[in-house]
Structures are given as structure tokens and as C-alpha cells.
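Biologist: I am new to this structure. Please take me through one part of it closely, in short steps.

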Amino acid sequence: MFDTKKVEIQWGGQTLTLETGRVARQANGAVMATLGETVVLCAVTAARSVKEGQDFFPLTVHYQEKYSAAGRIPGGFFKRERGATEKETLTSRLIDRPIRPLFPEGFYNEINVICQVLSYDGENEPDVLAMVAASAALTISGVPFMGPIGAARVGYVDGEYILNPTNDQVKAGELDLVVAATGNAVMMVESEAKELSEEVMLGAVQFAHKACREAVNAIIDLAEQAAKDPWEMAAQADLTAAKDKLKKLIGKDIAAAYKVTDKSKRSNLLNEARAKGKAAFADAAPQDQMAAGKLMKKLEAEIVRGAILKDGQRIDGRTTTQIRPIEAMVHFLPRAHGSALFTRGETQSICTTTLGTRDAEQMIDGLNGLNYEHFMLHYNFPPYSVGEVGRFGAPGRREVGHGKLAWRALHPVLPTKEEFPYTIRVLSDITESNGSSSMATVCGGSLSMMDAGVPLKRPVSGIAMGLILEGKDFAVLSDILGDEDHLGDMDFKVAGTSEGITTMQMDIKIAGITEEIMRVALNQAKEGRAHILGEMAKALDHTREELSAHAPRIETFTIDKSKIREVIGTGGKVIREIVATTGAKVDIDDEGVIKVSSSDPAQIEAAIAWIKGLVEEAEVGKIYTGKVVNLVDFGAFVNFMGGKDGLVHVSEMRNERVEKVSDVVSEGQEVKVKVLEIDPRGKVRLSMRVVDQETGAELEDTRPAREPREGGDRGPRGDRGPRRDGGGERAERAPRREGGTDDNGPAPEFAPAFLTGDRD
């Protein structure tokens with residue numbers, strides 16, 4: 001029934017299996033990829049015809065993680081997979097970026113690439129496996145795909161590269177790198193690193209490329225068994241005459257426009273030239289008008305690229321290594337916890353940092369279960385930033401991707417949660433854009449966190465590198481403009497500190513680049529990052545020692561785990577009362593770590609005192625401040641340390657005789673007390689008379705000692721010894737009655753042990 005084809009290879013110490021012919025047989029191409037016990041199905045479908053008037057390539061990639069793959073049921077009301085999560089969006093982009101340049105120019109048929117995670121073993125991440133499956137499905141589908149590509153994840157632990165590391169190895173290591181490549185050249189790089197050198201990063205890319213070749217060879221083996229007949233491509237019309245016509249008509253106008261450094265003025269001149277060229281083909285057939293539009297873009301690219309390769313002349317007059325003027329400001333917004341305005345040329349970002357408590361962490365529900373993220377970075381790109389009218393609303397894939405790139409750049413230099421127990425949110429609003437707004441976010445985000453008092457290991461800067469490649473001639477461009485990005489062959493972003501790289505992202509618009517080009521780009525980027533760090537230091541060169549007055553304060557301390565129940569109380573009653581009464585937020589974990597937060601230090605102090613009173617033991621001889629909570633005939637009960645009660649006997653209120661307790665204290669009155677005794681049952685005996693009620697200082701006990709009783713020394717107060725009868729023999733004592741009473745009557749309610757014995 002099934003005509004199944006399968007290929008298996010040993011890949012990173014595990015078996016990689018690619019299979020087709022069993023599942024999704026009506027798709028143009030479908031492959032199930034398995035690594036360990038992680039299984040991903042990718043199905044590719046393509047339209048046989050092109051929609052009339054379409055002049056772009058409608059490729060859509062969808063990656064979806066099924067909760068059943070990890071044996072989980074989705075949360076929420078509907079209990080089914082809903083819209084794409086951030087990880088699914090990022091993985092969809094990860095698959096799209098290396099395959100898009102490998103379709104031939106002029107191919108406009110709509111293509112769907114759908115990848116679904118069917119099984120997840122908790123060790124082998126499905127994103128790289130989905131990239132391999134997508135490449136395999138495209139290769140056997142028959143569509144004109146100039147692949148295949150392979151993909152690999154690389155870790156770096158104890159100076160060694162690891163292929164397809166587990167999640168634990170990635171966390172323990174210094175690198176998380178994903179590379180996509182053909183057999184000959186690298187197509188895409190995505191990474192997060194802990195300040196690694198250029199040499200280590202380049203070595204990791206080379207290590208990953210070798211693994212990619214192994215995956216490519218496996219896909220070729222599968223295609224030799226199962227590939228469908230390739231589609232026939234329509235012959236491309238000869239447009240040489242039309243191109244020459246446009247060059248004569250508007251070539252000089254385009255060249256002049258690209259010598260104008262101001263983006264708005266340059267855009268206006270280019271639009272005028274394009275309108276002039278479009279008018280020349282107004283009477284042509286619709287397909288010829290579309291071709292003319294493409295030719296104008298090619299003409300622009302030839303003029304700009306030729307000028308750069310010929311004499312190193314860039315659009316705005318800079319050299320290939322020169323960085324645009326930079327201006328940075330901090331404390332830009334008065335009420336934000338931290339803020340920065342970072343401007344580089346015509347690219348600008350307003351970055352704000354907000355500090356929150358534990359309950360502000362982002363809840364992430366995925367295949368690995370429910371976890372919480374304490375660092376968030378959100379990137380917004382409104383249409384006015386490029387002077388356009390457009391959609392304004394929820395973030396799209398591009399915004400999610402750019403935000404995650406900046407997140408990866410800053411995440412390695414953050415303090416641990418133990419060192420800085422705050423939830424951190426960085427918001428980047430791009431207000432102007434002319435190239436590399438994500439790297440402006442890195443620079444502005446670093447400054448805004450330093451302004452907020454986040455103790456970063458070191459400041460982070462970022463730069464975007466471009467490439468012009470014609471045959472063997474190439475030029476690497478530092479700090480590229482938007483037009484250089486559109487007309488160039490590479491977008492290579494590198495961010496890091498003075499000590500090394502924290503993230504690296506590369507996208508190629510041609511069939512890959514060589515090791516030599518990447519080495520030149522990395523070294524040139526290092527020089528650019530150092531320059532940008534110097535400009536940032538002019539605004540702020542170190543983290544502020546004090547938090548903003550508007551930021552919450554968090555105090556952390558630890559209690560014995562056995563005392564957690566006393567702080568929480570039955571059904572959370574105690575902790576709710578602490579929060580409601582003091583106004584501070586209180587978080588406690590299973591290890592007894594307590595975090596108390598508030599923007600008012602007095603609220604924090606009150607909550608901490610309350611909690612410590614609940615869990616700490618009173619010390620004999622120590623003086624405390626307490627509150628009178630109950631008056632009885634023989635004294636007053638005082639609450640101190642937040643949760644302790646003790647008795648001040650009437651004899652310990654003053655040095656002189658006290659006739660009536662209410663003459664000395666009243667309920668609710670604050671008093672200073674000294675702990676005299678704690679009996680084995682935990683009953684506490686207090687004294688007021690030996691403490692100065694104004695200052696809390698201990699006073700000398702001036703009360704005269706009692707005269708010894710007749711018949712011998714009485715001994716120290718409170719140590720009366722055994723009762724004896726008249727003959728000196730120990731008297732028989734009446735048995736204690738039920739209810740805690742003896743011959744002297746019932747013991748007073750709440751009375752400590754020393755009051756319940758016999759009296760003379």
C-alpha cells in the first residue's frame with residue numbers, strides 16, 4: 001500500500017531518519033524527519049499557475065508544535081492549539097530565511113511549507129529538524145528549488161564544539177548556534193553567545209557547515225529514490241533592449257539620486273526617476289510593465305554596487321568601514337525607570353526599561369512545559385519611522401524576529417535572578433529607520449538598562465554589515481543603510497561587548513558566502529562595535545548605583561523551610577493579611593526564599609518585620625518593641641516581633657508597686673520590653689521596668705532584693721525551691737485537677753508556665 005523511501009545516517013551521535021511515501025501523499029512533497037524520539041512532518045504544496053498580475057514570490061512557511069507531541073494538553077478554555085506562539089513564529093522565520101533565496105528569479109507560484117512537530121523527546125529540539133525536513137520536502141517535490149540545504153545546531157562546552165546539544169548542554173555551555181548551508185556555502189546564521197571571540201564563532205560556523213553537508217548528502221540520497229519530475233520553467237523573455245532603453249532614459253537620474261545623503265530627498269528623486277521610467281512603458285502590455293519595474297530595480301542595484309566596487313563610494317559618501325554619526329542620551333523620559341534615545345544617522349530608537357516584581361514574569365507554555373521568563377524585549381516598528389502610511393497594530397513576524405535578535409544580544413550580560421531579583425522589560429520604539437534598527441535597539445536597550453540600575457556585566461553594542469559580491473570581487477560594508485541592505489547580498493548583524501560576541505545573525509541573498517568573506521566581515525564588525533561602545537560611553541559608561549525613585553524596591557531574605565507554613569497561614573490567610581496591611585508584595589518559594597517589594601521603603605520594612613516576627617525565635621535578654629494586646633488582672637500581654645506574645649507581669653511594669661494594670665498601659669499602646677525568660681513550652685516572660693520607654697535603652701535593675709524569709713535564705717527571685725512542711729520535710733502536694741488546675745485554683749488563661757505553679 002505504501003511506497004516508502006527512507007534514508008538513515010549517524011548524525012551527532014544519533015540516527016537521523018528521513019522518510020517519504022507513508023504520510024501526506026497528496027502533497028507535492030512530504031517528509032517525516034526523526035532524530036532520537038523527536039519527529040517532524042513537513043509537507044510542501046505549490047500552485048501550478050501564477051495569479052494574474054503577480055510580481056512577487058508568495059512563499060509562506062508555517063511551523064507548529066503539537067502539545068500531544070510532548071504528552072500535554074493545551075491550557076486555556078478551548079484546549080487546542082491556537083495562534084502561533086513566539087517560538088513558532090521565530091522558527092517559521094528560521095526555515096524561511098535560508099530557503100527563500102534558493103528559488104529562481106521570476107518564479108512566482110504560490111508555495112506553502114507546513115512543518116508540524118508530532119513527537120518531542122525533550123532533548124532534541126525540533127526547530128533544526130524542521131529545517132532539514134522542509135529542505136528535503138522541497139527537494140523531492142519537483143518545484144524549482146536550488147537546494148538542498150542542511151541545518152545544524154552547535155553548542156560550545158569546555159572548549160569543545162557539540163553537534164545537536166541537549167537543552168541542558170546549551171544551558172551549561174557558552175553558545176547556541178544554528179547554521180543553514182548548502183554543500184558549498186553558508187546561507188544563514190542565528191546565535192546567542194557568552195562573549196566569545198571572533199575565532200571561536202567562526203570555528204563554530206565551520207563545524208556546523210560540516211554537519212550541514214552530511215544532512216545535504218542524506219537529502220540527495222532520498223531525492224535519488226523519491227524525487228518527482230522537475231517542473232518546467234517558462235522561458236524568460238529577452239529584456240536587453242528594454243533595459244538599455246531605461247538606462248539611457250533614467251540612468252543618470254538614478255546615479256544622481258544615490259549621491260544625495262538625505263534619505264527623504266533621495267527617496268523623492270528616485271520616485272521621480274521611477275515615474276519617468278514607468279511612463280515610458282505606459283502603452284506596453286501588463287507583463288511588460290511588470291518587467292520594466294523589475295528592470296528599474298536591477299538598474300538601481302547595478303549603479304550602486306558598481307560605484308562601491310569601483311571606488312568604494314557609498315550612497316551617503318562614507319568609506320566601507322565608516323560608521324554614521326552617533327548621538328546617545330539617557331534618562332530621556334522622567335518617569336521611566338530607565339530610558340535612552342539612541343540615534344545613528346537616520347536610524348533612531350527610544351528604549352525604555354521597566355523593573356517589576358516576580359508576578360510580572362512572562363508565562364511561557366510550550367512543549368517543555370510551563371516556565372517563566374524574567375527578561376523581555378519588545379520591538380515596535382511603526383510606519384511613520386520610514387515616512388509611510390501602513391498597518392499599525394499587533395507585531396508581525398518581522399517585529400518578533402528583530403526583538404528576539406536584540407534579546408539574544410543583551411541576555412548574556414544580564415545578572416542572575418539571585419543577583420538582581422527583578423523582572424526586566426525593555427521596550428524599543430523605532431522612531432526613524434534607515435538600516436539596522438535592531439542593532440539600534442541593542443545599543444539603546446543596553447543604555448536604558450544601565451540607566452535603570454540593572455547591573456550588566458558590560459555594555460553591549462551592535463552593528464549591521466553588508467556585502468557587495470560580483471564574481472571574485474567583494475566589498476564588506478559597515479553600518480549599512482536601508483538601500484544598501486535591499487541592493488546588497490548580505491545582512492550580517494553582530495553584537496557584543498568589549499570582551500566578545502553575544503549574538504550573530506546572517507542572512508544571504510545569494511547562494512552562500514565563503515569563509516574568507518565571513519572572516520573579513522567579523523573583523524570589520526569588531527572595529528565598528530568598539531567605536532560604537534565609545535560613543536555610548538559618552539552618555540553613560542557604567543550602571544547607575546541607585547534605582548529610579550519610581551522603581552519598586554525588592555528585599556530578599558531566606559527563612560527555614562519548616563517556617564513557610566507559618567508565613568503563608570491556612571489557605572494563605574497570613575500572607576494575605578501581611579500584604580493587605582503593609583501594602584508590600586510578598587513572594588515566597590519552596591526553598592524559603594522571600595522577596596518583599598514596594599516603591600515605599602517603609603512598607604517593605606513593615607512586611608519584613610512582620611514576617612521575621614512570625615519565624616524568628618525571641619532571645620532572652622534582648623529588647624523588643626511591641627504592642628499591648630490584652631489586659632488582665634495580673635499583667636498585660638504584649639505582641640512583639642510581629643507574631644510573638646508574652647506576658648508583662650504586674651510586678652515587671654514598674655519598680656514601685658502597681659495597683660491597677662490599666663493605670664500603666666492600655667490596649668494598643670506601644671511599649672519597649674525585655675525578654676526575661678522563655679520556658680520549655682515557649683511561654684515568654686517580659687519586663688517593662690528595666691527598659692527606658694522613650695529610648696529603648698536597658699536600665700539598671702534598682703529594685704531592692706527581697707529580705708530572706710525566716711528560716712533560711714530564700715534564694716533568687718523565681719527560684720523558690722521545693723515547698724516544705726513545718727518539720728522541714730517535703731509536703732505532699734494535692735494532685736492536679738483536670739482542666740489544668742490545682743489546689744490553688746484554675747490557672748489564668750494565656751498565663752505562662754511560671755504563673756501556674758504554687759505560690760507562697
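This is a predicted model: local features need pLDDT of at least 70, side-chain atom pairs count only at pLDDT 80 or more; totals for chains, interfaces and linings use all residues.

Modeller: The side chain of Glu190 makes a polar contact with the side chain of Arg97, at 2.8 Å. Arg97 itself sits in helix α1, which covers residues 86–99. Its relative accessibility is 15%, so Arg97 counts as buried, because the cut-off for buried is under 20%.

Helix α8 spans residues 397–410 and has 14 residues. From first C-alpha to last, α8 reaches 20 Å, close to the 20 Å expected at 1.5 Å a residue. In α8, 12 of the 14 residues are buried, so the rest of the structure largely encloses this helix. Among the buried ones are His402, Lys404, Trp407 and Arg408.

Now the cysteines. The whole structure has 0 disulfides. Take Cys42: the closest cysteine sulfur, in Cys115, is 3.4 Å from its own. Cys443 is in no disulfide either; its nearest cysteine sulfur, that of Cys351, is 9.0 Å away. Cys42 counts as buried, at 0% relative accessibility. Cys443 is also buried, at 0%.

Notes:
Residues are numbered from 1 along each chain as its sequence is written. Side-chain values use heavy atoms; hydrogens and water are left out. Helices (H or I, at least four residues) and strands (E, at least two) are DSSP runs, numbered from the N terminus. Buried means under 20% relative accessible area, exposed over 50%, partly exposed in between (1.4 Å probe, protein chains only). A polar contact is a pair of N or O atoms within 3.5 Å; within protein, one must be able to donate a hydrogen and the other to accept it, and residues adjacent in sequence count only if both atoms are side-chain atoms. A disulfide is a pair of cysteine sulfur atoms within 2.5 Å. The expected span of a helix is 1.5 Å times one less than its number of residues.
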